[in-house]
Amino acid sequence: MTVFQNGERIHLVDRKSRQYAVTLKAGEVFQLSGETIAHDALIGKPDGSLVTLSHGRRLLALRPTLSEYVLKMPRGAQVLYPKDLGVIIQWADIYPGARVFEAGTGSGALTIALLRAVGDRGHVVSYEAREDFARTAMKNIERYLGPPANLTLRQKDAYECIEEKDLDRLILDLPEPWRVVPHAASALRSGGIYLSYVPTIPQVMQTVEALHRAAVFSMIQTFETLLRTWNIEGRSVRPDHRMIAHSGFLTVARTVEPGLATTLSAGGGPVLLDPPPEPTSADHTEGEDDSEQEQ
């Protein structure tokens, strides 16, 4: 059984599923609408405990999932929604041991997801141009994961250059990802995956045009994901009145060997020309020259 530790970030959840983030510190007190509970009463409790505040209100004490944590953590930049984080990890095929490049770091939500996916054998390099965002992101990352040995966070502008080479995956959460595409073309290994996230169609159009111009990207796709929850209470079964609809567009592409055709077919795959068939004896009768065959 694991218990809450001093310095750990936990969430307290009320009966309406509202969550309150608390960083446990010995000797301090949590307050909610005039009621209190000492942090010392929470430290040492098992994950999933029911706790009681000073006037009798009961709350559930839990370690937050990554989705819950990113929605409550301090923000410098706007965070990616959990529905997009999961899709990015899947479509970018982030795997244990991968070398992943990310820009920009923002508040660190995507960085945390990438670090967990690459594991101890992998590594994430993240560029963030703004010092205040980088500082906030590192605090958020360390609060959730502890000091990460598999992260290199640099205060750098990805629009100017990408120093790393032979990367397996490259993920961009920037307003102008098309400016990074030429750098991505030389930074990714052949067969690597490019993915960028933007909120508007004009941004998507410029990004896809840049991917085509680079002439090393194939299988280019753009899509969005929608999340609609349902209310299930007895015979009342209906979709919720509110949903998380559009948040952003994801554009995904694969790097291929220079010189391969990257024109897209109707099915979204690369157009690859088959080699000409080998001549057979039926194609050429002994004693006939080419001029006779043409006649």
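Author: On a 1 Å grid over the protein atoms alone, a pocket is an open set of points with protein on both sides within 12 Å along at least five of seven lines, while a cavity is a set where a 1.4 Å probe fits but cannot get out; lining residues have an atom within 4 Å of a point. This model is predicted, so to speak, with local features needing pLDDT of at least 70 and side-chain atom pairs pLDDT 80 or more, while totals for chains, interfaces and linings use all residues. Residues are numbered from 1 along each chain as its sequence is written, and side-chain values use heavy atoms, without hydrogens and water.

Reader: Which residues of the lining lie nearest the centre of the largest pocket?

Author: They are Ala77, Gly104, Asp173, Leu174 and Pro175, out of 29 lining residues. The space in this pocket is about 520 Å³ (the volume filled by probe spheres set on the points, which are joined across faces, edges and corners).

Reader: At what angle do helix H3 (residues 82-91) and H4 pack?

Author: The angle is about 40 degrees, and the axes are 10 Å apart (lines fitted to C-alpha atoms over the stretch in contact, with angles from 0 to 180 degrees between N-to-C directions).

Reader: What makes H3 oblique to H4?

Author: That angle does: under 35 degrees counts as roughly parallel, over 145 as roughly antiparallel, 65 to 115 as roughly perpendicular, and the rest as oblique. Leu85, Ile88 and Ile89 of H3 make the contact with Ala109, Leu110, Ala113, Leu114 and Ala117 of H4 (heavy atoms within 4.5 Å). By class, this contact has 8 nonpolar, no polar and no charged residues.

Reader: Why are H4 and H5 called oblique to each other?

Author: H4 and helix H5 (residues 131-145) pack at about 45 degrees, with axes 9 Å apart, and they are therefore oblique. Thr111, Ile112, Leu115 and Arg116 of H4 meet Asn140, Ile141, Tyr144 and Leu145 of H5.

Reader: What is the peptide bond from Ala103 to Gly104, cis or trans?

Author: This bond is cis, with omega near -15 degrees. Gly104 sits in the loop between strand E7 (99-103) and H4.

Notes: Helix = DSSP H or I, 4+ residues; strand = E, 2+ residues; numbered from the N terminus. Nonpolar A, V, L, I, M, F, W, Y, C, P; charged D, E, K, R; others polar.
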